[in-house]
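Load the model in your viewer and keep the sequence panel open beside it. The stops below each give a selection and then what is found there.

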Amino acid sequence: MTDQAKLTSIDAYLLSVTPKARAILANIRELIQRNVPDALETISYQMPAFKRKRTFIYFAAFQKHIGIYPPVKHDEALLKELLPFRNDKGNLKFPLNQPIPYELISRVATALAQDYG
């Protein structure tokens, strides 16, 4: 994302990233909407996010990866599957030069909605 005025919508954020990242983030947005239909879109920390009672997932484009925050905490099976994508804090990093595991991200969104939403 370029340095701009504060973003006010996910649509505005999507317009600020590369076309490749835009397509990936649009897919992530759709799967969150599909899996957590009562979630509301928001921008938080200048990133796209979804909330219910509170914000439960953030996602953003970076030069070489897509990041998803906060870490999943309570699903041991899912945590094992996420090991290749986790950083030292548990946040997720999906390289742009590899296929994006949308089904896995879908499960992350559902788990985060249960944990934080």
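**Stop 1: a salt bridge**

Select Asp11 and Arg29, whose side chains meet in a salt bridge at 2.7 Å, N to O. The term salt bridge requires a side-chain nitrogen of Lys or Arg within 4 Å of a carboxyl oxygen of Asp or Glu. Asp11 lies in helix α1 (residues 10–15) and Arg29 in helix α2, so the pair ties together parts that are 18 residues apart in sequence. Helices (H or I, at least four residues) and strands (E, at least two) are DSSP runs, numbered from the N terminus. A search of the whole structure finds five salt bridges.

The model is predicted: local features need pLDDT of at least 70 and side-chain atom pairs count only at pLDDT 80 or more, while totals for chains, interfaces and linings use all residues. Residues are numbered from 1 along each chain as its sequence is written, and side-chain values use heavy atoms, with hydrogens and water left out.

**Stop 2: the hairpin**

Strand β1 (residues 40–44) pairs with strand β2 (residues 47–51) in the antiparallel sense, over five bridges; two strands pair if DSSP finds at least two bridges between them. Within this pairing, Ile43 stands opposite Pro48 in β2. β1 and β2 form a hairpin with two residues between them. Which residue in the turn has a positive phi? Tyr45 does, at about 55 degrees, and Tyr45 is a residue other than glycine.

**Stop 3**

The bridge partner of Ile68 is Leu92 in β5.

**Stop 4**

Select helix α2 (residues 19–35) and helix α4 (residues 102–116). The two pack at an angle of about 45 degrees, with their axes 9 Å apart. α2 and α4 are therefore oblique to each other: angles under 35 degrees count as roughly parallel, over 145 as roughly antiparallel, 65 to 115 as roughly perpendicular and the rest as oblique.

For the contact itself (heavy atoms within 4.5 Å), pick Ile24, Asn27, Ile28, Leu31, Ile32 and Asn35 in α2, which meet Tyr102, Ile105, Ser106, Ala109 and Thr110 in α4. These residues divide into seven nonpolar, four polar and no charged. Here Ala, Val, Leu, Ile, Met, Phe, Trp, Tyr, Cys and Pro count as nonpolar, Asp, Glu, Lys and Arg as charged, and the others, Gly among them, as polar.

**Stop 5: two prolines**

Select Tyr69 and Pro70: the peptide bond between them is cis, with omega near -10 degrees. Pro70 lies in the loop between β4 and α3 (76–82).

Finish at Pro101, in the loop between β5 and α4. Leaving aside its neighbours within four places in sequence, Pro101 is in contact with Phe85 and Phe94. The C-alpha atoms of Pro101 and Leu112 are 17 Å apart.

Definitions and conventions
Axes are lines fitted to C-alpha atoms, for helices over the stretch in contact, and angles run from 0 to 180 degrees between N-to-C directions.
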